[in-house]
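Keep the sequence at hand as you read.

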Amino acid sequence: MLQRVKLIAEPWDIGPDGYRLGRFLHGWSEWNDRFRDDVRAFWLTHHAGVAELAQRLAGSSEVFHVAGRAPQASVNFITAHDGFTLRDLVSYQAKHNELNGEGNRDGHGHNCSWNCGEEGESTDPAVLERRRRLQRALLTTLLVAQGVPMLQGGDELGRTQRGNNNAYCQDNALTWLDWRDADAELIDFVAGLIDLRRRYPQLRRRNWLTGQAVGDDQPDVVWWHPAGRAMRVADWQSKKLGAFGMQLAAEIIAVGATQDTETLLCLFNRDEIPVSFLLPGEAVWWQVFDSSAQAPCARLQREKTSLVPARSVQILSRQAGSLSDA
């Protein structure tokens with residue numbers, strides 16, 4: 001009865017020793033709240049650095065690489081049924097649970113959120129643009145990370161609970177999906193991200209990243225500094241560095257008569273200004289995704305450098321075997 005069932009744990013409880021993340025058996029997947037907290041803290045509060053984000057992008061191996069478990073043990077998420085929605089995460093600095101009738105004492109106070117300059121709904125174009133970019137950067141980070149992405153229903157269409165982060169007792173317009181006012185652009189954006197993840201097998205690897213050579217003798221992952229070199233120990237320890245890259249080698253996987261032969265370079269920039277990256281090798285790279293762009297899936301050629309806009313993720317691609325010096 002259970003052999004084909006997917007077993008997913010929410011691995012925490014309020015009782016003694018109730019936090020059990022990483023301690024379930026082989027075959028289980030677990031909600032990974034470290035992914036949630038570190039990704040939020042990287043993009044929104046800057047209380048997490050490039051090292052923490054890289055660990056989450058790589059599947060949280062320090063948590064799940066035990067007892068033969070694979071990266072799919074980590075169920076990655078930004079938001080869930082309890083807590084802020086994605087839209088509220090970038091619109092509210094604090095919870096607003098007054099309608100729950102408990103004097104705003106209920107609900108979690110540790111949200112790692114940022115209101116982008118104004119609490120709640122706003123008409124300020126600068127605030128709205130920050131929110132737009134950060135929602136898309138968070139979603140892109142979720143979909144390019146190793147593990148299993150979990151998207152809360154409604155986040156893809158811009159659902160808000162008006163800052164309520166504990167709305168379990170609200171069966172009304174506060175928690176219903178508002179299809180009439182759905183954000184069509186955001187829906188299309190999420191669809192493009194899902195297609196991107198489906199297209200590139202290296203975004204959903206079955207084995208852990210090691211940094212060792214695979215395929216055409218490239219390392220399976222190279223962490224890239226904007227200055228055009230691999231990341232160093234001092235870079236990982238930096239409190240100021242807010243931009244870095246993740247290069248993923250092609251996985252040679254037969255699919256009918258075709259094979260995946262593209263290397264991906266995911267460039268992350270949380271800073272409030274654009275950052276120019278020197279690109280690996282002499283090859284021509286193609287931009288296949290830009291989370292900040294109005295047309296995020298537009299294909300654009302990049303040679304030697306690529307300018308990554310503020311608060312965004314850019315994804316580049318090149319044919320495997322054309323990189324001379326990773």
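**From chain to helix**

The chain's secondary structure comes to seven helices and 17 strands. Helices (H or I, at least four residues) and strands (E, at least two) are DSSP runs, numbered from the N terminus. This is a predicted model: local features need pLDDT of at least 70, side-chain atom pairs count only at pLDDT 80 or more, and totals for chains, interfaces and linings use all residues. Residues are numbered from 1 along each chain as its sequence is written, and side-chain values use heavy atoms, with hydrogens and water left out.

Start with overall shape. The C-alpha trace spans about 65 × 50 × 40 Å along its principal axes. Of the 326 residues, 51% count as buried (under 20% relative accessible area; exposed is over 50%, partly exposed in between; 1.4 Å probe, protein chains only). Contacts (heavy atoms within 4.5 Å) reach across the sequence: among those between residues at least 6 apart, 66% join residues at least 24 apart.

Now turn to helix α6, residues 184–199. Its 16 residues reach 23 Å from first C-alpha to last, close to the 22 Å expected at 1.5 Å a residue (1.5 Å times one less than the number of residues). Which residues of α6 are buried? They are Leu 186, Phe 189, Val 190, Gly 192, Leu 193, Leu 196 and Arg 197. They lie on the same side of α6 because they cover an arc of only 155 degrees around the axis (from the directions from the helix axis to the C-beta atoms). These buried residues pack against α5 (125–144), β4 (148–150), β14 (284–290) and β17 (312–319). The face turned away from the buried side carries the exposed residues Asp 188 and Arg 198.
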